There are 2 protein chains.
Amino acid sequence: MEKKAKQLRRRGRPPAGSTLPAETRQAIIDAGMVLLTEKGVSATGIEEVLNVVGIPKGSFYHYFKSKEAFVLEVIGAYGAYFDRKLKRHLENKELRPLERIESFMDDAKRGMARHEFRRGCLIGNLGQEVSSLSEKVRIDVEMVISGWEALLATCLQEALSLGYLSPDANPAALSAFFWTGWEGAVMRARMSRSLAPMVLFGTKFLEGIRR
Amino acid sequence: MEKKAKQLRRRGRPPAGSTLPAETRQAIIDAGMVLLTEKGVSATGIEEVLNVVGIPKGSFYHYFKSKEAFVLEVIGAYGAYFDRKLKRHLENKELRPLERIESFMDDAKRGMARHEFRRGCLIGNLGQEVSSLSEKVRIDVEMVISGWEALLATCLQEALSLGYLSPDANPAALSAFFWTGWEGAVMRARMSRSLAPMVLFGTKFLEGIRR
């Protein structure tokens, strides 16, 4: 996402008509990813998103049917972005399975520090906001997390097969446990402006499952 | 809080002047606790809070200097409410220390089901919103959680002294680990409309620390 944010800044406010519709649409989604990751849906106004991209409010509905349609697209884009990130770590055959989990967590910690604890997890934000969001949004958010659970479960299954976990370990349950705690750790890190909660959760999680 | 919500409903919209200022003020704070626990700060308008209590918008500033001052009072009230709840469980000498933690978690699960996954944790909500909230709010939220950590650490210290934990267990670190994961579990429970994440986190946590 950092790269996208940079592209966005470089893009600045282009004179009207200088970008193609598909590019503008993508720029709106990218800006949405950043803002929803920082503040969530309720605190983010459409106008604020458009300000970042530098297009007038009226044209928003040229690209998206509604705020909900936009939020669904942002969730999809964030899901795809995060999937790539996760796979880069969890499917990295140069590392042993549990080291891959560590490498993902280290990446997340670096990102948290780089953005000075302003950006958490878009999916975690939406989880807290779920009572004010539509059922469609809730289901999409849930699907994204299920995907992460599956990716991590596969990595843990490999760890189990290679004898790094106790033989009665349940990769699917451990994966669900991880994501539950990790989302909590990301939230707490932002609140305390410290990486300590992420470090603590990660360490205890790995300690607890290592054979 | 359920009792308070009921009182609120019973109260209905009283004719102007039928309640004392201190009662009205408390009723606004109680309504704030419910709404902020369901939706967080950004999605909750002052008007919505006042609608529940049945007083006109203009009079809000008679009771509170600003929305921030109101939010700080709501955090204080929620902190005090939750402290009483936690102490009822964690200081219950009729149960063994780890059973007290279970009894707290069971209470939380019942509350989550009773409110049909609409209400999570006000403190967790604010944690996700922290980038859009003031530094004062952030510090107050952090203080509330630190209080919960201290209460649980004391209970875990007792468990350690009685030999229920492995001798090298660190009550303070385990308590921080618990709250991090538990906030994540509450969030995920709301998102998936299922108690499973709370059950899973609680079970794994106790399994992991029991001697």
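Reader: Which residue forms a salt bridge with A:Arg193?
Author: That's B:Glu135, with the closest N and O atoms 3.7 Å apart. A salt bridge here is a side-chain nitrogen of Lys or Arg within 4 Å of a carboxyl oxygen of Asp or Glu. Keep in mind that this is a predicted model, where local features need pLDDT of at least 70, side-chain atom pairs count only at pLDDT 80 or more, and totals for chains, interfaces and linings use all residues. Residues are numbered from 1 along each chain as its sequence is written, chains are lettered from A and ligands numbered from 1 in the order in which they are written, and side-chain values use heavy atoms, with hydrogens and water left out.

Reader: How many salt bridges across the interface of chain B and chain A?
Author: The rule finds 6.

Reader: And which helix of chain B gives the most to the side that touches chain A?
Author: H9(B), with 14 residues. By class, that side of chain B divides into 17 nonpolar, 12 polar and 12 charged residues. Ala, Val, Leu, Ile, Met, Phe, Trp, Tyr, Cys and Pro count as nonpolar, Asp, Glu, Lys and Arg as charged, and the others, Gly among them, as polar. Helices are DSSP runs of H or I, at least four residues, numbered from the N terminus.

Reader: How much area do chain B and chain A bury between them?
Author: About 3500 Å², 61% of it on carbon and sulfur atoms. Buried area is the accessible area (1.4 Å probe) that two parts lose on being put together, summed over both. In chain B, the residues that lose the most to chain A are B:Gln128, B:Arg188 and B:Met191, together 21% of what that side buries.

Reader: Switching topic: A:Asp107, buried or exposed?
Author: Buried, because its relative accessible area is 10% and the cut-off for buried is under 20% (1.4 Å probe, protein chains only). A:Asp107 sits in helix H6 of chain A, residues 97-114.

Reader: What does the side chain of A:Asp107 pair with?
Author: The side chain of A:His89, through a polar contact of 2.7 Å. That term means a pair of N or O atoms within 3.5 Å; within protein, one must be able to donate a hydrogen and the other to accept it, and residues adjacent in sequence count only if both atoms are side-chain atoms.

Reader: Which residues is A:Asp107 in contact with, leaving aside neighbours within four places in sequence?
Author: A:Lys85, A:Arg88 and A:His89, where contact means heavy atoms within 4.5 Å.

Conventions: Helices (H or I, at least four residues) and strands (E, at least two) are DSSP runs, numbered from the N terminus. Buried means under 20% relative accessible area, exposed over 50%, partly exposed in between (1.4 Å probe, protein chains only).
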